[in-house]
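Work through these exercises with the model open. Each task is followed by a solution in steps.

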Amino acid sequence: MNAIELQGIHVALDGKQVLHNIELTIKQGDFMTFLGPSGCGKTTLLRTIAGLQKADAGTITISGREVANGETQFHMEPSKRRLSLVFQSYALWPHMTVYENVAFGLQVRKLAKAVVREKVEAALGKMRIAELAGRYPSELSGGQQQRVAIARAIVTEPDILLLDEPLSNLDAKLRVEMRAELKRLHQELNTTVIYVTHDQHEAMTLSTKVAVFFGGQIVQLDKPRELYKRPNTLQVAEFIGSAGMQMNRLEGVVRTDEEGLSWLETPVVLIPLGGDGSTMQDGQEVVLTVRPEDIRLYEERRPGSIAMSVSAVFPSGAETLVQLDTAGMSLMARVIGESEYEPGTTLYAVLRQEQMNAYDKKTGIRMELQYVTHNNEPGESTHEDRLSYSR
Ligand SMILES: Nc1ncnc2c1ncn2[C@@H]1O[C@H](COP(=O)(O)OP(=O)(O)OP(=O)(O)O)[C@@H](O)[C@H]1O
(Lines give C-alpha, C1' and ligand atoms only; values in the text may rest on other atoms or scores of the structure.)
Protein backbone atom coordinates (compact mmCIF):
# COMPACT_ATOMS: atom_id res chain seq x y z
CA MET A 1 0.00 0.00 0.00
CA ASN A 2 1.13 3.54 -0.60
CA ALA A 3 2.00 5.37 2.60
CA ILE A 4 1.12 8.80 1.26
CA GLU A 5 -0.60 10.09 -1.84
CA LEU A 6 -0.67 13.78 -2.64
CA GLN A 7 -2.83 14.99 -5.48
CA GLY A 8 -3.02 18.52 -6.85
CA ILE A 9 -1.82 20.20 -3.65
CA HIS A 10 -1.86 23.99 -3.76
CA VAL A 11 -0.94 26.17 -0.79
CA ALA A 12 -0.85 29.97 -0.61
CA LEU A 13 0.61 31.86 2.36
CA ASP A 14 -0.16 35.55 2.84
CA GLY A 15 -1.66 35.64 -0.65
CA LYS A 16 1.48 34.20 -2.24
CA GLN A 17 1.35 30.82 -3.98
CA VAL A 18 3.95 28.67 -2.16
CA LEU A 19 3.11 25.16 -3.45
CA HIS A 20 1.90 24.53 -7.00
CA ASN A 21 0.07 21.38 -7.97
CA ILE A 22 2.13 18.86 -6.00
CA GLU A 23 1.60 15.27 -7.13
CA LEU A 24 3.54 12.70 -5.15
CA THR A 25 3.22 9.07 -4.10
CA ILE A 26 5.37 7.73 -1.28
CA LYS A 27 5.57 3.98 -0.80
CA GLN A 28 5.47 2.25 2.60
CA GLY A 29 9.04 2.00 3.91
CA ASP A 30 10.46 4.69 1.65
CA PHE A 31 12.94 7.22 2.94
CA MET A 32 11.77 10.19 0.90
CA THR A 33 13.80 13.37 1.00
CA PHE A 34 12.53 16.80 0.02
CA LEU A 35 15.62 18.58 -1.29
CA GLY A 36 15.92 22.11 -2.57
CA PRO A 37 17.26 25.58 -1.88
CA SER A 38 15.94 27.74 0.93
CA GLY A 39 12.40 29.02 0.45
CA CYS A 40 11.32 26.49 -2.20
CA GLY A 41 8.43 25.11 -0.12
CA LYS A 42 9.82 21.90 1.44
CA THR A 43 8.81 22.74 5.00
CA THR A 44 5.41 24.01 3.88
CA LEU A 45 4.70 20.65 2.20
CA LEU A 46 5.84 18.74 5.29
CA ARG A 47 3.59 20.89 7.49
CA THR A 48 0.71 20.34 5.07
CA ILE A 49 1.16 16.56 5.25
CA ALA A 50 1.35 16.79 9.07
CA GLY A 51 -1.86 18.84 9.14
CA LEU A 52 -0.24 21.96 10.62
CA GLN A 53 -1.01 23.79 7.37
CA LYS A 54 -4.25 23.57 5.38
CA ALA A 55 -4.10 22.81 1.67
CA ASP A 56 -6.10 25.26 -0.48
CA ALA A 57 -6.69 22.56 -3.06
CA GLY A 58 -5.91 18.89 -3.55
CA THR A 59 -6.16 15.72 -1.49
CA ILE A 60 -3.85 13.95 0.95
CA THR A 61 -4.23 10.25 1.65
CA ILE A 62 -2.23 8.55 4.40
CA SER A 63 -2.21 4.73 4.60
CA GLY A 64 -5.37 4.61 2.47
CA ARG A 65 -7.32 7.14 4.60
CA GLU A 66 -8.12 10.57 3.21
CA VAL A 67 -6.85 13.13 5.74
CA ALA A 68 -7.32 16.35 3.76
CA ASN A 69 -9.46 17.48 0.86
CA GLY A 70 -9.29 21.06 -0.40
CA GLU A 71 -12.57 20.78 -2.28
CA THR A 72 -14.69 19.50 0.60
CA GLN A 73 -12.66 21.53 3.13
CA PHE A 74 -11.99 18.32 5.08
CA HIS A 75 -8.98 18.64 7.36
CA MET A 76 -8.12 15.86 9.82
CA GLU A 77 -6.38 17.03 13.00
CA PRO A 78 -2.61 16.42 13.13
CA SER A 79 -2.89 14.16 16.20
CA LYS A 80 -5.19 11.75 14.31
CA ARG A 81 -2.89 11.33 11.29
CA ARG A 82 -0.66 8.70 12.97
CA LEU A 83 2.55 10.51 12.22
CA SER A 84 5.31 12.12 14.26
CA LEU A 85 7.23 15.26 13.46
CA VAL A 86 10.76 16.16 14.54
CA PHE A 87 11.88 19.76 14.05
CA GLN A 88 15.25 21.33 13.58
CA SER A 89 14.96 22.76 17.11
CA TYR A 90 14.57 19.83 19.44
CA ALA A 91 11.69 21.43 21.37
CA LEU A 92 12.16 19.25 24.46
CA TRP A 93 10.35 20.25 27.64
CA PRO A 94 13.11 21.68 29.84
CA HIS A 95 11.41 20.84 33.15
CA MET A 96 11.04 17.15 32.29
CA THR A 97 13.71 14.46 32.34
CA VAL A 98 14.58 12.53 29.20
CA TYR A 99 12.35 9.69 30.38
CA GLU A 100 9.42 12.05 31.01
CA ASN A 101 9.87 13.80 27.68
CA VAL A 102 9.71 10.51 25.82
CA ALA A 103 6.91 9.08 27.97
CA PHE A 104 4.64 12.13 27.61
CA GLY A 105 2.99 11.12 24.32
CA LEU A 106 2.12 7.70 25.75
CA GLN A 107 0.84 9.03 29.07
CA VAL A 108 -1.67 11.31 27.37
CA ARG A 109 -2.99 8.19 25.68
CA LYS A 110 -3.57 6.75 29.14
CA LEU A 111 -1.52 3.60 28.63
CA ALA A 112 -0.70 1.42 31.63
CA LYS A 113 2.46 2.44 33.50
CA ALA A 114 4.26 -0.83 32.75
CA VAL A 115 3.49 -0.52 29.02
CA VAL A 116 4.77 3.06 29.02
CA ARG A 117 7.99 1.97 30.72
CA GLU A 118 8.55 -0.85 28.26
CA LYS A 119 7.99 1.37 25.22
CA VAL A 120 10.09 4.27 26.52
CA GLU A 121 12.96 1.94 27.34
CA ALA A 122 12.75 0.40 23.87
CA ALA A 123 12.80 3.84 22.19
CA LEU A 124 15.71 5.06 24.31
CA GLY A 125 17.53 1.80 23.54
CA LYS A 126 16.97 2.25 19.79
CA MET A 127 18.49 5.73 20.00
CA ARG A 128 21.28 4.38 22.27
CA ILE A 129 20.60 6.82 25.09
CA ALA A 130 19.20 4.48 27.81
CA GLU A 131 21.75 5.80 30.30
CA LEU A 132 20.49 9.38 29.89
CA ALA A 133 16.92 8.66 31.07
CA GLY A 134 17.22 10.63 34.32
CA ARG A 135 18.88 13.74 32.91
CA TYR A 136 17.29 17.07 32.03
CA PRO A 137 17.67 18.57 28.50
CA SER A 138 20.04 21.28 29.80
CA GLU A 139 22.43 18.48 30.85
CA LEU A 140 22.65 17.08 27.31
CA SER A 141 24.72 17.91 24.24
CA GLY A 142 22.96 19.00 21.02
CA GLY A 143 23.37 15.52 19.51
CA GLN A 144 21.94 13.86 22.61
CA GLN A 145 18.98 16.26 22.64
CA GLN A 146 18.26 15.41 19.03
CA ARG A 147 18.34 11.69 19.88
CA VAL A 148 15.78 12.34 22.64
CA ALA A 149 13.59 14.26 20.17
CA ILE A 150 13.71 11.30 17.77
CA ALA A 151 13.05 8.79 20.60
CA ARG A 152 10.00 10.87 21.52
CA ALA A 153 8.83 10.73 17.91
CA ILE A 154 9.23 6.97 17.45
CA VAL A 155 7.89 5.87 20.85
CA THR A 156 4.29 6.17 19.64
CA GLU A 157 5.11 3.85 16.70
CA PRO A 158 3.87 6.26 14.03
CA ASP A 159 3.13 5.06 10.49
CA ILE A 160 5.17 7.97 9.19
CA LEU A 161 8.08 9.90 10.63
CA LEU A 162 8.51 13.48 9.41
CA LEU A 163 11.94 15.04 9.99
CA ASP A 164 12.51 18.73 9.23
CA GLU A 165 16.24 19.47 8.91
CA PRO A 166 16.89 17.48 12.10
CA LEU A 167 20.67 17.66 11.83
CA SER A 168 21.17 21.28 10.89
CA ASN A 169 21.95 22.45 14.44
CA LEU A 170 24.69 19.85 14.94
CA ASP A 171 28.38 20.24 14.23
CA ALA A 172 29.93 18.46 11.23
CA LYS A 173 31.13 15.37 13.16
CA LEU A 174 27.81 14.86 14.94
CA ARG A 175 25.91 15.29 11.70
CA VAL A 176 27.81 12.41 10.13
CA GLU A 177 27.24 10.27 13.21
CA MET A 178 23.52 11.07 13.35
CA ARG A 179 23.18 10.46 9.62
CA ALA A 180 24.42 6.90 10.19
CA GLU A 181 22.02 6.55 13.15
CA LEU A 182 19.06 7.67 11.08
CA LYS A 183 19.94 5.23 8.33
CA ARG A 184 20.19 2.37 10.85
CA LEU A 185 16.93 3.43 12.50
CA HIS A 186 15.08 3.50 9.19
CA GLN A 187 16.31 0.01 8.34
CA GLU A 188 15.39 -1.28 11.80
CA LEU A 189 11.92 0.26 12.03
CA ASN A 190 11.02 0.09 8.35
CA THR A 191 8.86 3.18 8.93
CA THR A 192 8.12 5.55 6.08
CA VAL A 193 10.27 8.65 6.54
CA ILE A 194 9.94 12.07 4.98
CA TYR A 195 13.06 14.12 5.46
CA VAL A 196 13.54 17.78 4.64
CA THR A 197 17.00 19.12 3.87
CA HIS A 198 18.93 21.47 1.63
CA ASP A 199 22.05 19.33 2.05
CA GLN A 200 22.79 17.23 -1.03
CA HIS A 201 25.08 14.85 0.88
CA GLU A 202 22.38 14.04 3.40
CA ALA A 203 19.87 13.48 0.62
CA MET A 204 22.23 11.20 -1.32
CA THR A 205 23.34 9.07 1.61
CA LEU A 206 20.03 8.58 3.40
CA SER A 207 17.22 8.44 0.88
CA THR A 208 15.56 5.76 -1.17
CA LYS A 209 13.94 8.56 -3.21
CA VAL A 210 14.60 12.26 -3.55
CA ALA A 211 12.08 14.92 -4.61
CA VAL A 212 13.87 18.06 -5.79
CA PHE A 213 11.97 21.31 -5.26
CA PHE A 214 12.30 24.64 -6.98
CA GLY A 215 9.83 27.50 -6.62
CA GLY A 216 7.12 25.44 -4.94
CA GLN A 217 7.18 22.61 -7.48
CA ILE A 218 8.73 19.16 -7.62
CA VAL A 219 11.05 19.31 -10.61
CA GLN A 220 12.56 15.82 -10.34
CA LEU A 221 11.68 12.68 -8.41
CA ASP A 222 14.29 9.95 -8.54
CA LYS A 223 16.51 7.52 -6.74
CA PRO A 224 19.62 9.31 -5.42
CA ARG A 225 21.89 7.60 -7.91
CA GLU A 226 19.75 8.55 -10.90
CA LEU A 227 19.51 12.10 -9.66
CA TYR A 228 23.29 12.26 -9.38
CA LYS A 229 23.89 10.74 -12.79
CA ARG A 230 21.03 12.22 -14.81
CA PRO A 231 19.66 15.51 -13.51
CA ASN A 232 16.67 16.42 -15.70
CA THR A 233 17.49 20.10 -15.98
CA LEU A 234 20.55 22.31 -15.81
CA GLN A 235 19.08 23.96 -12.72
CA VAL A 236 18.92 20.59 -10.90
CA ALA A 237 22.38 19.64 -12.20
CA GLU A 238 23.87 22.84 -10.84
CA PHE A 239 22.09 22.49 -7.51
CA ILE A 240 23.19 18.86 -7.09
CA GLY A 241 26.64 19.84 -8.33
CA SER A 242 27.15 22.57 -5.73
CA ALA A 243 28.39 22.20 -2.14
CA GLY A 244 31.45 20.08 -2.58
CA MET A 245 30.08 17.89 -5.39
CA GLN A 246 31.81 19.81 -8.16
CA MET A 247 30.36 19.72 -11.63
CA ASN A 248 32.26 20.82 -14.71
CA ARG A 249 30.37 22.88 -17.23
CA LEU A 250 31.32 23.17 -20.88
CA GLU A 251 29.43 25.25 -23.44
CA GLY A 252 29.10 24.17 -27.04
CA VAL A 253 27.11 24.44 -30.26
CA VAL A 254 25.61 21.64 -32.35
CA ARG A 255 26.95 21.58 -35.93
CA THR A 256 25.70 19.48 -38.79
CA ASP A 257 27.14 19.33 -42.33
CA GLU A 258 25.65 18.54 -45.76
CA GLU A 259 26.62 14.87 -45.41
CA GLY A 260 24.46 14.59 -42.32
CA LEU A 261 27.36 14.37 -39.91
CA SER A 262 26.84 16.09 -36.59
CA TRP A 263 29.16 17.12 -33.85
CA LEU A 264 29.33 19.32 -30.81
CA GLU A 265 31.73 22.18 -31.11
CA THR A 266 33.19 23.44 -27.84
CA PRO A 267 36.10 25.86 -27.42
CA VAL A 268 38.41 22.95 -26.64
CA VAL A 269 37.13 19.76 -28.26
CA LEU A 270 34.90 18.56 -31.08
CA ILE A 271 32.63 15.74 -30.01
CA PRO A 272 31.20 13.54 -32.80
CA LEU A 273 27.48 12.83 -32.51
CA GLY A 274 25.47 9.95 -33.86
CA GLY A 275 21.71 9.45 -34.15
CA ASP A 276 19.44 10.72 -36.88
CA GLY A 277 19.77 14.34 -35.83
CA SER A 278 16.07 14.61 -35.01
CA THR A 279 16.73 15.77 -31.47
CA MET A 280 19.12 18.56 -32.38
CA GLN A 281 19.40 21.51 -34.72
CA ASP A 282 22.39 23.13 -36.37
CA GLY A 283 23.46 26.09 -34.24
CA GLN A 284 21.65 24.88 -31.12
CA GLU A 285 23.48 26.03 -28.01
CA VAL A 286 24.23 23.30 -25.53
CA VAL A 287 25.68 23.12 -22.02
CA LEU A 288 27.58 19.94 -21.19
CA THR A 289 28.12 18.82 -17.63
CA VAL A 290 30.69 16.28 -16.55
CA ARG A 291 31.70 15.22 -13.05
CA PRO A 292 35.34 15.25 -11.95
CA GLU A 293 35.35 11.44 -11.59
CA ASP A 294 34.31 11.13 -15.23
CA ILE A 295 37.42 12.81 -16.57
CA ARG A 296 40.38 10.55 -17.28
CA LEU A 297 43.86 12.07 -17.28
CA TYR A 298 46.69 10.79 -19.49
CA GLU A 299 50.25 11.87 -19.94
CA GLU A 300 50.09 11.29 -23.69
CA ARG A 301 47.69 12.58 -26.33
CA ARG A 302 44.68 10.36 -27.06
CA PRO A 303 41.85 10.62 -29.57
CA GLY A 304 39.32 13.13 -28.36
CA SER A 305 41.56 14.35 -25.56
CA ILE A 306 41.99 17.95 -24.47
CA ALA A 307 45.52 19.18 -23.81
CA MET A 308 45.42 21.02 -20.50
CA SER A 309 47.82 22.42 -17.98
CA VAL A 310 47.63 21.48 -14.29
CA SER A 311 46.93 24.67 -12.35
CA ALA A 312 46.33 23.31 -8.85
CA VAL A 313 46.29 20.00 -6.99
CA PHE A 314 44.03 19.40 -3.96
CA PRO A 315 44.97 16.18 -2.17
CA SER A 316 42.53 14.91 0.46
CA GLY A 317 43.91 11.49 1.34
CA ALA A 318 41.65 9.02 -0.44
CA GLU A 319 41.42 11.15 -3.56
CA THR A 320 42.98 14.16 -5.25
CA LEU A 321 41.23 16.90 -7.17
CA VAL A 322 43.30 18.18 -10.07
CA GLN A 323 42.40 21.53 -11.56
CA LEU A 324 43.32 21.94 -15.22
CA ASP A 325 43.20 24.97 -17.48
CA THR A 326 43.20 25.61 -21.20
CA ALA A 327 42.00 28.40 -23.48
CA GLY A 328 40.34 30.26 -20.64
CA MET A 329 38.51 27.12 -19.53
CA SER A 330 38.96 25.26 -16.29
CA LEU A 331 38.10 21.62 -15.50
CA MET A 332 38.29 19.72 -12.23
CA ALA A 333 39.26 16.03 -12.41
CA ARG A 334 39.17 13.54 -9.56
CA VAL A 335 41.96 11.03 -9.23
CA ILE A 336 41.82 8.12 -6.77
CA GLY A 337 44.54 8.24 -4.14
CA GLU A 338 47.47 10.61 -4.24
CA SER A 339 48.59 12.34 -7.38
CA GLU A 340 52.13 13.28 -8.28
CA TYR A 341 51.12 15.93 -10.79
CA GLU A 342 52.89 19.24 -10.46
CA PRO A 343 51.33 22.58 -11.43
CA GLY A 344 52.40 23.48 -14.96
CA THR A 345 52.43 19.85 -16.20
CA THR A 346 50.59 19.23 -19.48
CA LEU A 347 48.02 16.42 -19.26
CA TYR A 348 45.44 15.08 -21.71
CA ALA A 349 41.90 15.00 -20.40
CA VAL A 350 39.34 12.61 -21.87
CA LEU A 351 35.71 13.17 -20.90
CA ARG A 352 33.70 9.97 -20.42
CA GLN A 353 30.99 10.82 -22.86
CA GLU A 354 28.47 8.24 -21.68
CA GLN A 355 28.55 9.94 -18.25
CA MET A 356 28.16 13.46 -19.61
CA ASN A 357 24.85 15.26 -19.73
CA ALA A 358 23.87 17.77 -22.38
CA TYR A 359 21.28 20.50 -21.81
CA ASP A 360 19.66 22.89 -24.23
CA LYS A 361 21.07 26.23 -23.12
CA LYS A 362 17.80 28.11 -23.69
CA THR A 363 15.36 25.76 -21.96
CA GLY A 364 17.79 24.06 -19.56
CA ILE A 365 16.18 20.71 -20.42
CA ARG A 366 18.35 17.61 -20.79
CA MET A 367 18.87 16.40 -24.37
CA GLU A 368 19.33 12.79 -25.40
CA LEU A 369 22.49 13.01 -27.48
CA GLN A 370 24.16 9.99 -28.98
CA TYR A 371 27.90 10.19 -28.84
CA VAL A 372 30.14 8.31 -31.24
CA THR A 373 32.55 6.18 -29.26
CA HIS A 374 36.22 6.54 -30.06
CA ASN A 375 37.57 3.80 -32.24
CA ASN A 376 41.30 3.41 -32.49
CA GLU A 377 41.50 0.38 -34.79
CA PRO A 378 44.12 1.16 -37.42
CA GLY A 379 42.83 1.67 -40.93
CA GLU A 380 39.24 2.25 -39.89
CA SER A 381 37.81 5.51 -41.06
CA THR A 382 35.32 6.74 -38.53
CA HIS A 383 33.17 9.76 -38.08
CA GLU A 384 35.66 11.19 -35.64
CA ASP A 385 38.59 10.79 -38.04
CA ARG A 386 36.91 13.41 -40.15
CA LEU A 387 36.96 15.90 -37.35
CA SER A 388 40.14 17.17 -35.87
CA TYR A 389 40.22 15.71 -32.38
CA SER A 390 41.36 18.66 -30.48
CA ARG A 391 42.26 22.17 -31.31
N1 LIG B 1 3.84 31.88 7.57
C2 LIG B 1 4.21 32.34 6.37
N3 LIG B 1 3.63 33.41 5.82
C4 LIG B 1 3.99 33.84 4.59
N5 LIG B 1 4.93 33.26 3.82
C6 LIG B 1 5.54 32.21 4.32
C7 LIG B 1 5.24 31.66 5.62
N8 LIG B 1 6.02 30.58 5.83
C9 LIG B 1 6.78 30.45 4.74
N10 LIG B 1 6.52 31.40 3.83
C11 LIG B 1 7.13 31.55 2.50
O12 LIG B 1 6.85 30.39 1.76
C13 LIG B 1 7.95 30.00 0.98
C14 LIG B 1 8.34 28.55 1.28
O15 LIG B 1 8.80 28.47 2.62
P16 LIG B 1 9.30 27.09 3.23
O17 LIG B 1 9.63 27.33 4.66
O18 LIG B 1 8.31 26.03 2.93
O19 LIG B 1 10.61 26.82 2.38
P20 LIG B 1 11.78 25.76 2.62
O21 LIG B 1 12.07 25.19 1.29
O22 LIG B 1 11.40 24.82 3.69
O23 LIG B 1 12.97 26.71 3.08
P24 LIG B 1 14.11 26.47 4.20
O25 LIG B 1 15.02 25.42 3.68
O26 LIG B 1 14.74 27.83 4.29
O27 LIG B 1 13.40 26.08 5.46
C28 LIG B 1 9.05 31.01 1.26
O29 LIG B 1 9.06 31.96 0.24
C30 LIG B 1 8.64 31.63 2.57
O31 LIG B 1 9.10 32.96 2.67
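**Exercise 1. Find the residue of β15 that is the bridge partner of R249, then trace the sheet around β12.**

Solution. 
- Step 1. The bridge partner of R249 in β15 is T289. This is a predicted model.
- Step 2. Look at the two strands. β12 spans residues 248-256 and β15 spans residues 285-290. They pair in the antiparallel sense, over six bridges.
- Step 3. Turn to β13, residues 262-265. β12 pairs with β13 too, antiparallel, over four bridges. Here V254 has L264 as its bridge partner.
- Step 4. Check the turn. The β12 and β13 hairpin has five residues between the strands. G260 takes a positive phi near 85° there.
- Step 5. Move on to β14. Four bridges join β13 to β14, and the two run antiparallel. W263 has P272 of β14 as its bridge partner.
- Step 6. Name the edges. β14 (270-273) and β22 (366-367) each have a single partner strand, so one side of each is left without a neighbour in the sheet.

**Exercise 2. Which strands stand at the edges of the sheet that contains β7 and β11?**

Solution. 
- Step 1. Write down the order: β7-β8-β9-β3-β10-β11. This sheet of six strands is open, and its pairing is mixed.
- Step 2. Read off the ends. β7 (83-86) and β11 (217-222) are the edge strands. Each has a single partner, so one side of each lacks a neighbour in the sheet.
- Step 3. From one strand to the next, it averages 15°.
- Step 4. Inspect one pair. β7 and β8 (residues 160-164) are parallel, with four bridges.
- Step 5. α4 (residues 142-154) lies across β7 and β8. It runs at about 170° to β7.

**Exercise 3. How do the axes of α4 and α5 cross, and which residues make the contact?**

Solution. 
- Step 1. Start with the general rule. Two packed helices are described by an angle and a distance between their axes.
- Step 2. Apply it to α4 and α5 (residues 172-189). Their axes come within 11 Å and cross at roughly 20°.
- Step 3. Classify the angle. Angles under 35 degrees count as roughly parallel. α4 and α5 are therefore roughly parallel to each other.
- Step 4. The crossing is right-handed.
- Step 5. List the contact. α4 supplies G142, G143, Q146 and I154, while α5 supplies L174, E177, M178 and L189.
- Step 6. Sort by class. The contact of α4 with α5 has four nonpolar, three polar and one charged residues.

**Exercise 4. Is α2 roughly parallel or oblique to α3, and what about α2 and α4?**

Solution. 
- Step 1. Take α2 (residues 98-107) and α3 (residues 113-126). They pack at an angle of about 130°, with their axes 10 Å apart. That makes α2 oblique to α3.
- Step 2. Describe this contact. Y99, V102, A103, L106 and Q107 of α2 meet V116, K119, V120, A123 and L124 of α3. By class there are eight nonpolar residues, one polar and one charged.
- Step 3. Now take α2 and α4. Their axes come within 8 Å and cross at roughly 25°. They are therefore roughly parallel.
- Step 4. Describe this contact as well. V98, N101, V102 and G105 of α2 meet V148, A151 and R152 of α4. The classes are four nonpolar, two polar and one charged.
- Step 5. Compare the hands. α2 passes α3 in a right-handed crossing. The crossing of α2 and α4 is right-handed too.

**Exercise 5. Which helix gives the most to the shell around the ligand?**

Solution. 
- Step 1. List the shell. The ligand is surrounded by L13, D14, V18, G36, S38, G39, C40, G41, K42, T43, T44 and H198.
- Step 2. Pick the helix. α1 (residues 42-50) gives the most, with three residues.
- Step 3. Sort by class. The shell has three nonpolar, seven polar and two charged residues.

Definitions and conventions. Residues are numbered from 1 along each chain as its sequence is written. This is a predicted model: local features need pLDDT of at least 70, side-chain atom pairs count only at pLDDT 80 or more; totals for chains, interfaces and linings use all residues. A residue is near a molecule or strand if its C-beta atom, placed from the backbone, lies within 6 Å of it. Ala, Val, Leu, Ile, Met, Phe, Trp, Tyr, Cys and Pro count as nonpolar, Asp, Glu, Lys and Arg as charged, and the others, Gly among them, as polar. Two strands pair if DSSP finds at least two bridges between them. Axes are lines fitted to C-alpha atoms, for helices over the stretch in contact, and angles run from 0 to 180 degrees between N-to-C directions. Two residues are in contact if their C-beta atoms, placed from the backbone, lie within 7 Å. Angles under 35 degrees count as roughly parallel, over 145 as roughly antiparallel, 65 to 115 as roughly perpendicular and the rest as oblique. A crossing is left-handed if the near helix is turned anticlockwise from the far one by less than a right angle, and right-handed if clockwise.
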